[in-house]
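User: I'd like to learn how to read a contact between two chains. Can you walk me through one?

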Amino acid sequence: MLTFAAPWIMWLAGVGVLALGTLHLLSVRQPPELLLPTARFVPDGTSRAVARRPRPNDLLLLLLRVLVLLAAAAAVAGTRCTASQGHTMQLVAYDAALPARDTVRWRAPIARLLPAGNTVEWVAVPGLSQDPGGAFVRALQYAGGRVLDDAGIDSVALMVLVPSRLVSRRGWDAWRGQWAGRVQLMATDSLDQRSRGSEASVALRPMDRIPDDVVASALRPADTVGRGATPSREIQLYRQRPPDLLAMSTISTMRELVLVDWPIDGRPEGWVPRDRFDTVGAVVARGQAVIGPWARVARPGAALLRDSAVTAIAWWGDGEVAAVERRLASATGAPRACLRSVAMRVPAGTDLLLGTAAEGLRRALRAPCGGAELLLDALVASERSDGDRRERQPLLRADALRAQAPRPVGASPPWLPVLLGAIASLGLLTEWWWRRREDAR
Amino acid sequence: MIAGYGALLDAVRGLRWSAPHRVGAALPGVHRSTQRGTAGEFTEYRLYRPGDDPRALDWKLLARSDRPFVRLTEDRALWSTWFLIDASASMAFPPDARGEITKWDVVRQLTVGLASVVHQAADPIGLLMAHGDGTVRMLPRTRRGTVAEIGRLLDGARCSGTASLAPLIAELPARARLIIVTDGLGDEVALRTQLRPLLVQGASVHYIHVVAEAELNPPAGIHRARDLETQQLHGVLGASERAAYLRAFAAFRAELASAWRALGAHYAMVSTASDLPRSIRALVTGASDHLATDAGSADGPQG
């Protein structure tokens, strides 16, 4: 397959070929001269229109001139010669934080899923498990460089390896439009043959009997677990006393345990009381802010902030941390657990925590430990609906990537312009010799 | 025997080219002289008139007839032959002969052959050859080697330029045989004008029109005709123009023949395909005149 660094030169050559052919076949030829002493007896007439039917030699001469013109243009246009058949490059994007043993283990099952003949290349993407949007950025960078190096690539396919639960899809939604082809999403959990839990199997268990507790009402999941069914995640709400972390080892049937320490006075354990506190503020979580008569009575202590197992999950409007999550070390066989401490004093009788503005806070407190609550299925569903709606092409065309990149300079292989120039020169010599022979005839 | 002309000279050996009429008094030769004397071949008796040379009386006849008769004899004289040769550029046609015979080859062969015939009668032979670089002259001579000299002059000549033959007529004597060898594409009208007085005075003019086969039958195809001598570009010679060209050239030849004959000259056309010994024989015997009817045809070559 031939490609050109300056294809416009070849287009010009094509126009030249058309003009050459038109002139060659339609031009009027002057007849050869004949020296004749009795030329005076030749009747005077037009000496221009001689023959409009091209001789076979004219067609051969035309072919020769076309060859010379195309060879000269190809020599100047930076011709690049590659394998005649294009192929598809399959990119597999995975989280750069994953252990190498996982990616090695996954190569065989993924290769079985991919079409034969595709070249598979693995691309590490930082933070892919949090938000898969980074895969598009890295894939575009990687593919853009590869298609310039390998002119045999005519299309690019993308597979993204993501866990079943994701923290955010903002990056995915923001960058999705940059990738023109469809994207194949593959759950790493399925590769490891792990089962994914249902969002519906979450239960709230208030540990303190407080009648009409608005916090408990806010944290209760919309779908309740059926009687006798075992939830996959239990949220234990502590309002009057802090949770007993030592007693967690007795719980063996839960997959995941979320301890929410939300004291009524707004001072969780480990937080430092404030001398002066606000009574009205805004609390931001998961991109949503809820404004209400929340009293900020405590702030996180220095030890809490230095703890590497602690992450902030909610903030006051001025940026101060309002709620944190601490990952709890679990023994073998014990459920995954975390402790979420909330330093908000909620006045009695308010129902602001039940409104839509507090959805972010509720999700942050109900989310699985680590925060990942988005399921891959939702992403796959949106990908499928987008694909149907937009009728995307199955694969990203490599030409589109090449068009965005600066055109490569020079020919490939390097000796090709010399060869083409030699062909053009030889053609000119041949034409010169041919015309001399025609004139001498 | 000069090289290259051996076969031709052998073919024309023994030919005699007598003068068509009595020539003027001159050195003794083979041609009948206008002068009658007491020497030479007996022709008739004439009654004696006062003033006749008494030595011419035939005494025996006087004794038999008692009447004086004078014995008359016929004198023979030499008659000069001049060759007027056209060596212009058009005579070197076809230009790239590649084994073909050019008009100049015909001129050389004809001239040497005719000169050989004339030389056999011991007549003086002179030559005037006009070409682009000037004129070559050879005064009349009868000595041995004259034909060879003529051959060398012709072989060494180069056809070039435009040759005018008319001005050379002034150098020719009135009572001589003039043999003009040309292709007729030069100053024909002036040439005839200059020759008219000589013809009146008794010159015998032989006009040999040399044409090439390629002129009578140009190559097929479509060509732009360019004059070989003037290098002027003329019309296109294609299939449709070919017939007109042949007609025009035939008409020219017919007109040329008619004009020369009307002048009192002998006209003969010789082509590059002609059998030259036969053509020479026809010229010498006078049979070439009977070929004049073919000179006007478009089929050409004759001789």
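Predicted model: local features only at pLDDT ≥ 70, side-chain atom pairs only at ≥ 80, totals over all residues.

User: In β9(B), which residue is the bridge partner of Glu33(A)?

Analyst: The partner is Arg224(B). The side chains of Arg224(B) and Glu33(A) also meet in a salt bridge, at 3.6 Å from N to O.

User: How many salt bridges are there between chain A and chain B?

Analyst: The count is 2 salt bridges. The residues on the side of chain A that touches chain B divide into 11 nonpolar, 5 polar and 3 charged. Polar contacts are counted separately: 7 residue pairs between chain A and chain B, both residues at pLDDT 80 or more.

User: How do I read the size of the interface?

Analyst: Interface size is often given as the accessible area lost when the parts come together. Here, about 2300 Å² is buried between chain A and chain B. Carbon and sulfur atoms give 68% of that area. Chain A brings 19 residues to the contact, and chain B brings 27 residues.

User: What ipTM and pTM does the model score?

Analyst: The scores are ipTM 0.79 and pTM 0.47. Then go to the per-residue values. Chain B has an average pLDDT of 84, with 83% of the residues scoring at least 70.

User: Where in chain B does pLDDT stay under 50?

Analyst: Over residues 290-303 of chain B. For that stretch, the model has 34 contacts beyond four places in sequence.

Key
Residues numbered from 1 in each chain as written. Chains lettered and ligands numbered in written order. Heavy atoms only, no water. Contact = heavy atoms within 4.5 Å. Buried area = accessible area lost by both parts, 1.4 Å probe. Salt bridge = Lys/Arg side-chain N within 4 Å of Asp/Glu carboxyl O. Polar contact = N/O pair within 3.5 Å; in protein donor to acceptor, adjacent residues only side chain to side chain. Nonpolar A, V, L, I, M, F, W, Y, C, P; charged D, E, K, R; others polar. Pairing = 2+ DSSP bridges. Helix = DSSP H or I, 4+ residues; strand = E, 2+ residues; numbered from the N terminus. pLDDT = per-residue confidence, 0-100.
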